[in-house]
Amino acid sequence: MFDATSGIREGIADEGAALRDRSMDWRRRRLQHKVETLHDELDREREARRALADAMGNTGRGKRRYGFLRLLVIGGGAYILGSRAGRERYDQMTGWVRNVRGRVMTTARGVQDEAAQTVVQVRDVAVDTARTVAGDVKGTAAQVRDDAAVGARRVTAETSDAAQRLKKELAPSADSKDV
């Protein structure tokens, strides 16, 4: 009789454990999916960051540009030194150089400001995503904990009920043997 009771109790405990395992497996798969999604987002953000760094850095045309600029500066200097045009032509060319330099500096500042804003936006998106995921993970962990507690209470109650039913079923049998 005791063996039957412990067998039923073990069966109920095994069923409760299996239920908890299935619930935990489902939650684990859900969290794994969220982590994989985050990894994908992080990879996309890293790629965007690399592209931004590449756009801000060498574009592969830098050497040609600097070579052309060097040729322009040397040619302009040679023209000025060899020119007999006088002061007016010199002032005209220096004004043109100052104008070009000013436009280049303005464009460079604009690109730098835009890149800084993009970096701030990427950082903000990454921080928001991390916070969202952290909240989701915390919420899911709390739900798993709560579900496990509810499942444990149910299993305990069912085990207790089964043990009491078994006790009641076995009690009359014991009384009839004593008679």
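**Pocket lining and helix contacts in a predicted model**

The lining of the second largest pocket comprises five nonpolar and four charged residues, with no polar residue among them. The space within the second largest pocket comes to about 180 Å³. Its lining is made up of Leu42, Glu45, Arg46, Arg49, Leu52, Val119, Val122, Arg123 and Ala126. Two helices, helix 1 (2-56) and helix 3, each provide at least two of the lining residues. The greatest contribution comes from helix 1, which supplies five residues.

The protein as a whole contains three helices and zero strands, and the order of elements from the N terminus is α-α-α. Of its 179 residues, 11% are counted as buried. Where contacts join residues at least 6 apart in sequence, 89% of them are between residues at least 24 apart.

Thr5 is located in helix 1. The relative accessible area of Thr5 is 14%, and this residue is therefore classed as buried, since the class takes in values under 20%. With neighbours within four places in sequence set aside, Thr5 is in contact with Leu166 and Leu170. A further pairing is that of Thr5 with Gln164: 159 residues separate the two in sequence, whereas their C-alpha atoms are 9.6 Å apart in space.

Thr159 belongs to helix 3, which spans residues 87-178. Its relative accessibility is 15%, so Thr159 also counts as buried under the 20% limit. Residues up to four places away in sequence being left out, Thr159 touches Arg9 and Ile12. Within the chain, the side chain of Thr159 also reaches the backbone oxygen of Val155, at 2.6 Å.

The C-alpha atom of Ala141 is 8.4 Å from that of Arg27, although the two residues are 114 apart along the chain.

Notes. Residues are numbered from 1 along each chain as its sequence is written. This is a predicted model: local features need pLDDT of at least 70, side-chain atom pairs count only at pLDDT 80 or more; totals for chains, interfaces and linings use all residues. Side-chain values use heavy atoms; hydrogens and water are left out. Helices (H or I, at least four residues) and strands (E, at least two) are DSSP runs, numbered from the N terminus. Buried means under 20% relative accessible area, exposed over 50%, partly exposed in between (1.4 Å probe, protein chains only). Contact means heavy atoms within 4.5 Å. A polar contact is a pair of N or O atoms within 3.5 Å; within protein, one must be able to donate a hydrogen and the other to accept it, and residues adjacent in sequence count only if both atoms are side-chain atoms. On a 1 Å grid over the protein atoms alone, a cavity is a set of points where a 1.4 Å probe fits but cannot get out, and a pocket is an open set with protein on both sides within 12 Å along at least five of seven lines; lining residues have an atom within 4 Å of a point. Grid points are joined across faces, edges and corners, and a volume is the space filled by probe spheres set on the points. Ala, Val, Leu, Ile, Met, Phe, Trp, Tyr, Cys and Pro count as nonpolar, Asp, Glu, Lys and Arg as charged, and the others, Gly among them, as polar.
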